[in-house]
Each structure stands twice: as C-alpha cells, then as structure tokens.
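This report is for a reader who is meeting the structure for the first time. Please look over the sequence and the model before reading on.

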Amino acid sequence: MTDMVSPTPLRTPAEDTLLRRFPAEKAALPGNDTVRSLRDEAFAGFAAAGLPHRRVEAWKYTDLRANVRAIAPAAPAADIARVGALPSAVPGDNARRLVVANGRFVPELSDVAELPAGVTVGSLADALASGDPLVLGALSKVPQAEENVAVQLNAAFMTDGVVILVADGLSLDRPIEIAHIADGETAVSTHVRNVVIAGAGANLTVIETIESVFRAAHQSNIVTDIVVGDEAHVDHIRLQLEPDDALSLTAVTATIGAKARFETFNAVLGAGLARAQVFARFAGREAVGGFRGATLLSGRRHADTTLVLTHDAEACESRELYKAVIDDEAKSVFQGRINVPAHAQKTDARMMTASLLLSEGAEANAKPELEIFADDVQCGHGATCGALDDDLLFYMLARGIPKAEAEKMLILAYLGEAIDEVENEAVRETLIHRVEDWLARRVAG
Amino acid sequence: MLEIRNLHARIGDREILRGIDLVVKPGEVHAIMGPNGSGKSTLSYILAGKDDYEVTEGDILFNGESILEMEPNERATAGLFLAFQYPIEIPGVASMTFLRAALNAKRKANGEAEITTPEFMRVVKEASAKLNISPDMLKRPVNVGFSGGEKKRNEVLQMALLEPKVAILDETDSGLDIDALKVVAEGVNALRSPDRAFVVITHYQRLLDHIVPDIVHVLSAGRIVQTGGKELAFDLEKNGYAAYVSDAA
Amino acid sequence: MPAVQETIEQVSAIDVDKYKYGFFTEIESDLAPKGLDESTVRFISAKKNEPEWLLEWRLEAFRRWQTMTEPTWARVHYPKIDFQDLYYYAAPKKTAGPKSLDEVDPELLRTYEKLGIPLKEQELLAGVVSDKPRVAVDAVFDSVSVVTTFKKELAKHGVIFCSISEAVREHPELVKKYLGSVVPTTDNYYATLNSAVFSDGSFVYIPKGVRCPMELSTYFRINEKNTGQFERTLIIADEGSYVSYLEGCTAPTRDENQLHAAVVELVALDDAEIKYSTVQNWYPGDAEGKGGIYNFVTKRGDCRGRNSKISWTQVETGSAITWKYPSCILRGDNSRGEFYSIAISNGRQQVDSGTKMIHLGKNTTSKIISKAISAGRSDSTYRGLVSIGRKASNARNFTNCDSLLIGNKCGAHTVPYIESKNASAVVEHEATTSKISDDQMFYCLSRGLDEEEAIALIVNGFVRDVLQQLPMEFMVETQKLISISLEGSVG
C-alpha cells in the first residue's frame, strides 16, 4: 500500500555472482536438452527480475536483495564419513533414510536395499540426464511456483536430489526420511530438487530434515515436488534445523488428486534467514489438505512462511494453521493465500495464523489473503498477534508455578495445537523435544 | 496469620481500596460482604499479587512479613491461595500437568523432592472423588469446556491439593445452583482446620449458610464499614446494602 | 435450491442503468482549458485569488507529480488515463463565489432538490419540517462550492464551516497550519495531483470544547463532461471538541469515465472526536462497464492528541472503480480509530478499499468492520493494514472482514497486512467469505417472506453492524440505497 517509485536498482554483488556462475556452470549440470532449456528459461526469469526485494509484493517482508550479501560457492562433494556419522534427526521414526549431502544423493549412505515391489528410489540427476518425462512433468507445475524467483534459481542450478515413485495402491508402512546435509567448514551453497510421485490410492509418509555437519553459514535451496494421485494419502513433514546464520530457501509444491489427502507440516527451527514456501493445487474434487507449521525464532533470525493454495476443483477441504513464537529481535512473516476460482464450488477452506511475541524487540508480520470467485464456498481466515495472555499467566503463578515454567507450559500448549496434528509419533516427539530445548536455552539466556 | 494494614490501592487513576484493616487468625473464617463495585474482587486480586493494581499505601503481612514485593507464585508457595471468581481456561495445558506443576512448585519451595507419579495419582484421585470430579474431567485441558460448577469444584480441588494456610474464596458461589453450591461448600468445610484460615468474599448471604463464618465484614467504597458476627450477614440479607452505600457516599 | 438460482439470474441481469441520479443539469460553465501543465495550476489558483504561498505549494506538488507513476498494486483494471484529455476546472458561471441562498442560481437549487439535498435552511429554521434534525450542507458543484447553509448559526458556536477557498481567504493561519499536514503533497500519485489542482471542498474548524450543534455535510456533484473533480476537505477538531460530518456524492450518467481524486484530511487534537461518514453513490457505469466514475481518493485522519478519536464510516455503492483507504494515524496516547465499511459492487464495478490503522501511541485502539457484497460481474477487494509501532505499548486492534457473493461471476478478495512490533499489543483479525446460506433463505421463506424480501432481510442483517454507525438521519436513506444497488434481488 505504498506508492511505487521504483528506480531500476543496480545489481548487487550476490546477483552478479549468480549471473556469472550460471553460464560457467551450466554445462556441467545434469540434464538432456529439455532440461537444459528448462534451466535456461528459469534462469532468464531470475536474470530479468534479479533477487526479489521489498517492492516485489510477494517478497515485501523478506528482502533477499538487501539481505543476501554474497553467494557461497557451489558445494563440493561431501566427506562421506563425516556425513555418515550424523545420526537421524528424528530418532525412532523407523524410517528408510535417504541421504542427500551437499546437493548430491548418496546411495551408499541411503537405505535403498530391499525396497518393496512398486517403490522406486533414484537420483534426480539420473532422471534429468535421461529426461524422464514423468519426473520432468512433476517439476513445480503448480500456480505461482514456476514464476517464483527462488524456485527459478533452484531449477537453474539443481544438481541432484531423490526421486521417489510409489505404485498405485501401495501403502508403505515405514516412512521415508530424506536427510539434507550440508558439509563444509565454511559456507557452501546447494540446490536440491526432490520429486515424490504417489500413485492412485498409494499411502506414504515423507520426512525431510535439513541439517549440517558444521555450523557454517550455508545457503540451501531445496524444492520438493509432490504429486498425490487420486485417493492417495501423502503425509509430508519437514524439519528445518539449519545453523543459525544459514540462508534457507525451501519450497514444497503439491498437486493433489481427487479424493486424495495431503498433509504437510513445516517446522522452522533454524537458519538466520529462512523462506519456506508451499505451493499447492487441488487438481481433483473432494480432496482434503492440511497445511501446518511451527516457527521458533530468537536472536536476530528472520523466518518467512509463504503459502499459495489453489482450490482448482470442486468440494475440496483445506485447513491451514501456522504458529510462530518470536523472541529477542527476531522477525517472523506469514503470507498465506487461498485462491478459489469460479469452478471450485463447495470449497471449504480455513486458514489460521498466530504469532506469539516474547520480547520487546520481536516483530510479526502476517498477510493472510483470500481470493474468491466462487459463491458457494465457506472460506475464512484468522490472524492473531500478541504476547502470552496475562490472565493465564497470573492464574498459573497464583497456583505457585514459577513464571519461567508457566511460560514454558503455555508456549508448548500454544504450539501443541499445530504439532498435535502431526500423525507420526516419532516426529511429534522430536518436535516437542526441540521446542523444549529451545525453551530451555531461552531461559538459560 | 494474615494482616492487612491501612491498604490503599488503585487501578489507573481510580482509587478502589481506601484504607482496609483486617486481621485473620489461624482457624478463623472471615466473610467479606459488600455491594458490587465495593472493591471485593480487587482485594482478592491484590492479596494474590495481580500487578494491574497499584498499592499506594499500607501493607499486607503474611506470618508477620510483608508480601507486597512477592511474586504471585511466591505467595502461593508460601501458603496463600485464591479461588478465582472466574477460573481461567488454559487451552492445550492438561489438567493433570497443571496440578502436578503446582504441587511440585510448592514442594520445591519447601525443600521437598518432586512428587512421584503413583503418589500424585493417589492424592488427586482421593481429593477429586470427594468433590465429585470425574477422572474424565481431569483429562481435559485446565477448565476448558468445564461448566460453571465444574470450574468451582476444580478450584476447591486445587485448594485441597495445595493445602494453603490462608484461602481466599472470591465469589465462589456465583453461577452455582444450590446442589453445586453444597458440593463446593462441603469441600471447603472439609478443609477447615485450627491452623488454616479462610476469607470468604461474597455478595449474598446464602453461601454463608453453608460455610459459616466467625466474623463478617461489610466492605463499601473501598473501606470496611462494619464488622460483626455471623448475624450481621442475616441482617444484610434482610435490609440490603443501602445503608452502607449511602453512608459511604 | 432453485429459488436461489433465480435470484442469481435476476441479480446478474441488474440494470445498473437504473441509476437514479444520472440526470444532467443544463448550466453554463466556466472551464479551464483542457489539459494539464503549470499554466493550468496557475489558472486555478488565479481563479480563486489565492495567495502566493498556496500557488507555490500547488506548483511544487505539480512538479513532484510529474516525476511519479500511477500505482498498480490495487486489484483494479482500467485503461490508462489520459491526464491531458481532462478539464481540471469547471464552475457554474453564475456563481463567482460563495453566496447566500437567495443568490444561488435557481437551476442549481433545483438540481439539489432533485437529489434530495436540503439547501433551504429557512424552511428548517421555521420549523416546517421540525421533526427532522438539522443538517448544515456545503454543496460542491463540479469544481466549486456553490453554497454553505447554516453558516451564521454555526458561527455563533465558533464553528467554521465553509468552502476551502473561502477558508484560504478568511482563515489563512488555520489552512496554512494544517493543509497537507496529514496527507503530505508527496503522499501518493493521486494525492499529489490533487494538491496541484484541487478546486474546492469543505473546511471545518471546531473550537476547543465545542460540541458541534448539528450534523455537517458536504454534497459533491459532478455535472460537467470530461472534468475531473479534485476536492479537498480539511477538518480540524480542536481540544475536547466533537463533530459528525457526512459526505454524499453523485454524478450524471455518461459513457466516458470521469476522474474523482479527492483528498480528505482530519486532525483531532487532545480529547477531540471526529465522526466522518460517507455515502458514495457516484455513477457506477452501465451493466457492461461503460462509463462511471474513477474514485481515487486519499482520506486520512490524524489522532494527534491524547484520547482523541476518529471514526470513518463508509457506504460505497457507486463508482466504476473505487480506490480508497480511509486511515487513522493513532499518534496520541489512548487514541482510537474506527473504520466501518459497507461496499456493494454490481455490474462491472471494481472496488479496492479498506483502511490503514497506524498505531504509534500507547494504549491506542482500533476497530475495523468491513462488509463487502459482490454481485453481477464485479470485483471487491478489502485491503487493509494494521501496523503496531515499537512504542505502541498495549495497543489493541480488532478486525472483522466479511464478504458475501451473490452469483458466480463476481469476486471477493481479502488482503490484510498485519505488522506488529510491540509484544504487549494484541491484534486480532478474522475474515470470512460465503454466500447467503440456504438455511437462512429457507428459514425466511418458510416464514412467508418472498425471496426478494428474504435477501433484503439477510443482506441488511449482514451489514447491520456498520449501518448502525451512520448518523440516524442517514440510516434509512442508506438502507434504501443498498436495496437499489442490489435491485433485482432486493427490490
């Protein structure tokens, strides 16, 4: 709502680096001719717009141009021994763990033996090299994903990732965990792309973790494209555990078939600057979607959750719930947009976002949007922002519970509303422990 | 045990308490009665340590020491208990977690070890049975979805578990039908003992039929304007507060 | 439910051409030469015998405007405006300046009579319509104020109510002090343009401690072809004062689009309260989107003093395009801002409206209630900002935006921005979009109401929270207007 007087900005050093790197590196990046033109096209999108800044509406609160000073060098191959020594971030999830280190799928550290019949796990680089039409067809074919500069940069520079195909009707009893690990004593940058295609009636849980071996200012750009077949059920959880000064750009795109169910939960627990995006489209009628997340912020960290959800079919139901806890001088952003075109009658969509400010310097920004062209719908959103409720605190103090403990209980309860919706128990427990750790560190100061 | 000396307090620019004096000895039950707006709830909140109010003059002594500088939780673990007129709902916090945290806070303040799970289950089960509190109710978050009567019984349950030295009951009868009132009153009476005192704040006399006070005070416009035996309550029931209200004005 | 389907068809077939204020008054006008350059600005200033400082102020704005580009962030679409193809000044010839009522051209008086605006204060004073509350009116016809009623009576209370041109001459110290102090000349494209070429508008000053004895109102009428209307309103409520002000707007039916780019500035000092209501019924264009007013308006109130209060109430039924965000800057501690809005769009109307509540002072509170009803092929967007500054301890905001869609060819959009930099502040926002529920319809029908009555009832219920904020004497009028705007369904 500000008047635009936008002089053409000069290029920043980060933009210069990217503009220099792409022509130099693209020959070595995997992919056939189709992939190469796809990369060129995506990069052209970035080259024309530059890094998004505050005058670009979708990036109003997260100015990459101002905040990304330099681009870290492309990550070299990781040290397999060091990466292999890292335990799963979700203990007890009984998952089949796939490791993507420094932007490359590492089969030797991945649990790919004895896959059930109908499940294929492979490397994205291979799929790009062969130009696998199934995989190429799944790359961010969701409204507003392809035009997104962060996704474009990923498409231009993507090195590898995993491809998971699950046959029709197959139900996996073990979750699949994709562990994204950055390895480098100094900052490296990675561009990872994963593709998950669940056939009709298939059922699986995908857990992604983003971590690092050393606490360096890594820069990661991770996009996961998920295709949920008709009547399939995909549960997706992402735990972002990057070092505190990392730059994290992530995106999930989802195409959801008729009568399918898709749930995604994103926990932002790390990175100095994080932008977690979700682009989802209900492609078939009567599908159900749950989009949730929790963000914990302290210090001067900045985290942005941006959701674009398009109800592109009749009678789909979606629930969105994002919660943030913001301490110190941290800043949180939530942007959520629900699009309902005229043909998506009987849409039922409810979006809720809440921010809890724990300190005087904390800041919360929210922009929950509805864009509705169908009349027979029930859509709504709510947003709240504030500190812990004084009356609740007083009641607990009046029962003798010390302030720090009362606050901890209230914060856990506040986040619990979102976390409790995660079906996988191991993930839920991990999340609660992480929150408790965070709170303990907060009290310890 | 509890001594209030010339207590003056205000919220914002508005003076609500204008010099209250009160001495409560162990084993005594005091009733504070008064019309709406006389400062009854303010007094209870100030005793419990709510920081919306500013004490401008006077002091509150508990076992001979001033508690004005104490945090609400310090007062609670020292043995002061407020049964809220409107018990607060805390979504997401399980009742059992809450009770246990409160109990452990007190034990910690007394230098005792945390309560064990079996012991905790046992005391809660015992106390809740007396108050007609179903195990189902305690599975819900604190006060969430509780009826008016359930909330008040939950307050008495907490009182029973925390075993305070002085309990302040703020309009505990409000919103209760006669049966619920009896259950609550029985719960309170069961806790009466020679070393525990009660301050019962109420607008109506009917609660005092069930929790019989030793001393009755009338609060009006921020001052105690009359003190007497339990017959004073009957008098008020018959004649109303009109005499005191005009007195104060 | 077939009954509802029928209604939808009726609504979509709504004849927006039934606009009842679409007549044109034959009156000779004094026009500035078409187009816009420095000489246009000088022409306007000279016409009004303005002092040098104001001409300079205008010219500075004009120079600034030339460096600016039209904003594109709103969700409205229209062909590029040719700013050289407009007249920037049009005045009825026979009125060289503000006059007493008997001197006003009878043709003008007839126009206002036809519009239902009471300009005859004698009648009211004589008690002919004694049951009606008195309302003082400033009538603005194209670029000039033609008459202001009840001036003398208001003067007895020290209230100044006159055209802004007159205020520049008679109260230069007040104008100089406050003009542009809420909406600076550099604020935005249309406000800057307005600063350069504003023609007339109303000026109100309520002195310390005075409760304005009657409703004040301004009635804007665009009559001349191809003219832009750029009025400027400035209301100052001095310490402890109160004023309720209402503006109404209409224009003739024309095939061309016409531009209305007004600026309204409100200043409330310590303990003062301003209640500003708008019933906007500019010509909306025909059912195919031909013609209609482009209503690009900047309205802002500054709660400058402690405990001050500014309340905006708007009923937006007209204009082809509406682009307005009546806002409050809550600067004074304990100040309060309110925004109540009903926006009804039909035909091809496009509405992008909302508010900004900027909390700067401590204990500031704001409330936003927005009700949007879209029908036909129209689009309605609520766009709002709630900003809590670092120092706005204990600020509170509550926002509720509800949209109702009638038919499947229209759109309803909600774009709130919530920015909080203070932990002790509490911001609550809720929004819903739905249609008239089948259950509600069925319930009404089963009680014997016909379908149109039922919709009227339900829509009126939907907007009730906002209607109640209007001054009593305009509530009934507005209810009628709402019905007319949804003609075909509500009748």
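## The model and its chains

The structure is a predicted model. Two pairs of chains are in contact, and of these, chains A and C share the most contacts. Chain B and chain C do not touch. The nearest C-alpha atoms of chains B and C are 12 Å apart.

## Where chain A meets chain C

This contact draws 36 residues from chain A and 39 residues from chain C. On the side of chain A, the elements giving two or more residues are strand E18 (363–372) and strand E19 (378–386). E18(A) gives the most, with ten residues. By type, the residues on this side of chain A are 19 nonpolar, eight polar and nine charged.

E18(A) also pairs with a strand of the other chain: E18(A) and strand E23 (residues 411–420) of chain C run antiparallel over six bridges. A:Ile372 stands opposite C:Ala412 in E23(C). In general, strands of a sheet pair through backbone hydrogen bonds, either parallel or antiparallel.

## Where chain A meets chain B

Here the contact takes 18 residues from chain A and 21 residues from chain B. On the side of chain A, helix H8 (390–397) and helix H9 (403–419) are the elements that give two or more residues. H9(A) supplies the largest share of that side, eight residues. The residues of this side of chain A divide into eleven nonpolar, two polar and five charged.

## The largest nonpolar core

The largest nonpolar core has 357 residues. Those with the most contacts inside this core are A:Val100, A:Ala198, A:Val228, B:Ile168, C:Val204, C:Ala237 and C:Ile274. H9(A) gives the most to the core, with nine residues. In soluble globular proteins, nonpolar side chains tend to be buried together.

What does A:Val100 contact, leaving aside its neighbours within four places in sequence? The residues in contact with A:Val100 are A:Phe105, A:Val106, A:Asp160, A:Gly161, A:Val162, A:Ile178, A:Ala179, A:His180 and A:Val192.

## A sheet and a helix in chain B

Chain B has an open sheet of four strands in the order E2-E1-E4-E5, with antiparallel pairing. The edge strands are strand E2 (14–24) and strand E5 (65–66) of chain B, each of which pairs on one side only. Strand E1 (residues 2–11) and strand E4 (residues 54–62) of chain B pair in the antiparallel sense over seven bridges. B:Arg10 stands opposite B:Glu54 in E4(B). H1(B) packs on this sheet and touches E1, E2 and E4 of chain B. The direction of H1(B) makes about 70° with that of E2(B).

Helix H1 (residues 40–48) of chain B is largely enclosed by the rest of the structure, because eight of its nine residues are buried. These buried residues are B:Lys40, B:Thr42, B:Leu43, B:Ser44, B:Tyr45, B:Ile46, B:Leu47 and B:Ala48. Just after H1(B), B:Gly49 takes a positive phi of about 100°.

## Chain C as a whole

Chain C has twelve helices and 24 strands. Of the 491 residues in chain C, 59% are buried. Among contacts in chain C between residues at least 6 apart in sequence, 84% join residues at least 24 apart.

How values were computed. Residues numbered from 1 in each chain as written. Chains lettered and ligands numbered in written order. Predicted model: local features only at pLDDT ≥ 70, side-chain atom pairs only at ≥ 80, totals over all residues. Contact = placed C-beta atoms within 7 Å. Nonpolar A, V, L, I, M, F, W, Y, C, P; charged D, E, K, R; others polar. Pairing = 2+ DSSP bridges. Core = buried A, V, L, I, M, F, W, Y, C linked by C-beta atoms within 7 Å. Buried ≥ 20, exposed ≤ 12 C-beta atoms within 10 Å, placed from the backbone. Axes fitted to C-alpha atoms, helices over the stretch in contact; angles between N-to-C directions.
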